[in-house]
Amino acid sequence: VVKREMRREAARALEKEVQVLDYSSQQFILFPLLAAGYGMHFAGKWVRSAYESFMERARGGDFSRLQDIHVTTCALKAHCTQVVADGMEQARRSCGGHGYLLSAGIGGQLQNFTPQVTYEGDFVVLSIQTGRALLKLVAKKMKGKPTNLPPESELTYITTHDPFATHSPSAPGSLLDFSWQLSVFRRRACHLIMTAAKKFADSAGAGRSPLLALDDVKIDMCRVTKAHAAVLVLTKFQQAVEEVERKCSQASTVGPPLRTLCNLYALSEMDSCMGDFVISKALPVGGGLADKILEEMKRLCRELRPNAVSLVDAWQFPDYLLNSALGRYDGRVYEALMDSVRHEPNNTSDVHESYYRSLQYILHPERKQQQGAGMPLRSRL
C-alpha cells in the first residue's frame with residue numbers, strides 16, 4: 001500500500017507514482033490469499049464449535065459424529081496449513097526486495113509457522129487418514145449398508161451422490177451464484193473420491209494386498225483431501241456471508257466486501273484447479289468459461305481494492321506481534337526501515353571488523369607480508 005513504483009501514463013499528469021497494490025498483477029496474487037484467509041477463518045470457527053459440541057455429546061456416550069469430526073479435522077489441517085505456508089511465501093515475494101529484510105518480519109513469521117505444516121501429521125499422512133475414512137464411507141454406500149451419519153454431517157453430500165447417474169455440466173447463469181459454486185465444488189470432490197475408491201477396489205481385486213492397494217491410491221487421496229477441504233471452506237464461508245447479510249441492515253457496508261471475497265475464493269480455486277473441475281464434469285469443456293472465470297476474478301480484485309486495507313486491518317494484528325517495518329499500522333514504513341538500519345549492530349562502523357580480521361587477507365594476500373613488516377593496514381580497503 002505504501003510502496004510506489006513506475007509512473008503510468010495516467011499518473012504522470014498528476015505527478016504521482018502508482019501504489020504497488022494498484023497493479024492488477026499484485027492484486028491477482030494477494031487478494032485470493034486474503035479471500036482464502038477469511039474462508040479458513042470461518043471454517044475454523046465452525047470446526048471449533050463442532051468439536052466442542054461433539055465432546056459434549058461424547059461425555060454422554062454419543063459418538064455418532066466421531067467419523068465426521070475425524071475426517072473434517074484431518075482434511076482441514078492438511079489443506080489449510082499448506083495453503084497458509086505457501087501463501088506467506090507468495091506474500092513475501094510480492095514485497096520485492098523488501099520482503100527479504102529481517103526487519104520486514106515476514107521471514108520470522110514464515111519460519112514460526114512452517115512447522116505447523118508437519119507436526120500433528122503432514123499433508124500426506126493426514127490425506128491418508130482422510131482418504132481411508134472416505135473410502136470406507138463409499139464402500140458402505142455401494143454395498144447398501146447404513147452409513148450412520150448424523151443429519152448435520154458434512155459428509156452427506158458424498159453419500160447422496162450417484163456415481164452412475166448421467167451428468168452433463170452446464171454453464172452457470174452467473175459465476176457468482178453461491179448454489180452453483182458449491183455444487184461445482186461438491187461434484188469435483190465426489191468424482192475424485194469415487195475414482196479413488198474404484199482404483200482401490202480394482203487394485204485389491206487384482207490380488208494386491210490391502211497395504212499395497214492403499215499405496216496405489218495415496219496420490220489420489222491427496223487430491224481428494226484438498227477437494228473435500230475446499231468444499232468445507234466454501235460451505236462455511238458462504239454460510240457466514242449469508243448470516244452477516246441477514247443480521248446487518250441493507251445499508252451496511254460489511255456484507256458486500258465479504259461476498260466479494262467469497263466469490264473470489266470460489267473462482268480462484270476453479271481457476272487454479274481447472275483440470276480437476278473439467279475432468280469431473282463439474283465445469284464444461286470449451287465455451288470460453290475458463291476465460292470468463294479469469295476475467296471475473298480480475299473484476300472482483302478491482303472491486304476489492306478500495307476495501308483491501310480495511311479487510312486486512314480488521315484482523316487487528318498489533319504491531320508488536322507482526323514485528324515488521326513494512327506492516328506498521330501508521331504506515332511510516334521508510335522511517336521504520338531507516339531506524340532498523342541505524343540500530344543494526346553490523347552498521348555501527350562503515351567497515352565491519354570481520355573485514356580487517358579475515359576478508360582483507362583473502363582479497364589481498366600480500367597484506368600478510370606487509371603486516372609482518374609493521375605497515376598499518378587498518379585504514380585501507
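**Entry: helix H2.** I began with helix H2, residues 24–59. H2 has 36 residues. I looked up its reach from the first C-alpha to the last and found 52 Å. That is close to the 52 Å expected at 1.5 Å a residue. I keep in mind that this is a predicted model. Then I looked just past the end of H2. There Gly61 takes a positive phi of about 95°.

**Entry: H2 against H9.** Next I asked at what angle H2 and helix H9 pack. The angle is about 90°, and the axes are 8 Å apart. H9 covers residues 218–247. Angles of 65 to 115 degrees count as roughly perpendicular, so H2 is roughly perpendicular to H9. I then listed who makes the contact. H2 gives Ala35, Tyr38, Gly39, Met40, Phe42, Ala43 and Trp46. H9 gives Val233, Lys236, Phe237 and Ala240. By class, I noted nine nonpolar, one polar and one charged residues in the contact of H2 with H9.

**Entry: H3 against H4.** Helix H3 spans residues 66–94, and helix H4 spans residues 106–113. Their axes come within 10 Å and cross at roughly 165°. That makes H3 roughly antiparallel to H4. I also looked up the hand: H3 passes H4 in a left-handed crossing. Which residues of H3 meet H4? I found Thr81, Val84, Ala85, Met88, Glu89 and Arg92. On the H4 side are Ile106, Gln109, Leu110 and Phe113. I sorted the contact of H3 with H4 by class: six nonpolar, two polar and two charged residues.

**Entry: H10 against H12.** I moved on to H10 and helix H12, residues 289–304. They pack at an angle of about 150°, with their axes 9 Å apart. H10 and H12 are therefore roughly antiparallel to each other. Their crossing is left-handed. From H10, I wrote down Pro257, Thr260, Leu261, Asn263, Leu264, Leu267, Ser268, Met270 and Asp271. These meet Ile293, Leu294, Glu296, Met297, Leu300, Cys301, Glu303 and Leu304 in H12. The contact of H10 with H12 divides into eleven nonpolar, three polar and three charged residues.

**Entry: aromatic pairs.** Last, I looked for rings of Phe, Tyr and Trp with centres within 6.5 Å. By this rule I get nine aromatic pairs. I picked out one, Phe185 with Tyr265. Their ring centres are 6.5 Å apart and their planes sit at 40°, so the pair is tilted. Where do the two residues lie? Phe185 is in helix H7, residues 178–205, and Tyr265 is in helix H10, residues 255–272. So the pair ties together parts that are 80 residues apart in sequence.

How values were computed. Residues numbered from 1 in each chain as written. Predicted model: local features only at pLDDT ≥ 70, side-chain atom pairs only at ≥ 80, totals over all residues. Heavy atoms only, no water. Axes fitted to C-alpha atoms, helices over the stretch in contact; angles between N-to-C directions. Helix = DSSP H or I, 4+ residues; strand = E, 2+ residues; numbered from the N terminus. Parallel < 35°, antiparallel > 145°, perpendicular 65-115°, else oblique. Left-handed = near helix turned anticlockwise from the far one by under 90°. Contact = heavy atoms within 4.5 Å. Nonpolar A, V, L, I, M, F, W, Y, C, P; charged D, E, K, R; others polar. Expected span 1.5 Å × (residues − 1). Phe/Tyr/Trp six-rings, centres within 6.5 Å; stacked < 30°, edge-to-face > 60°.
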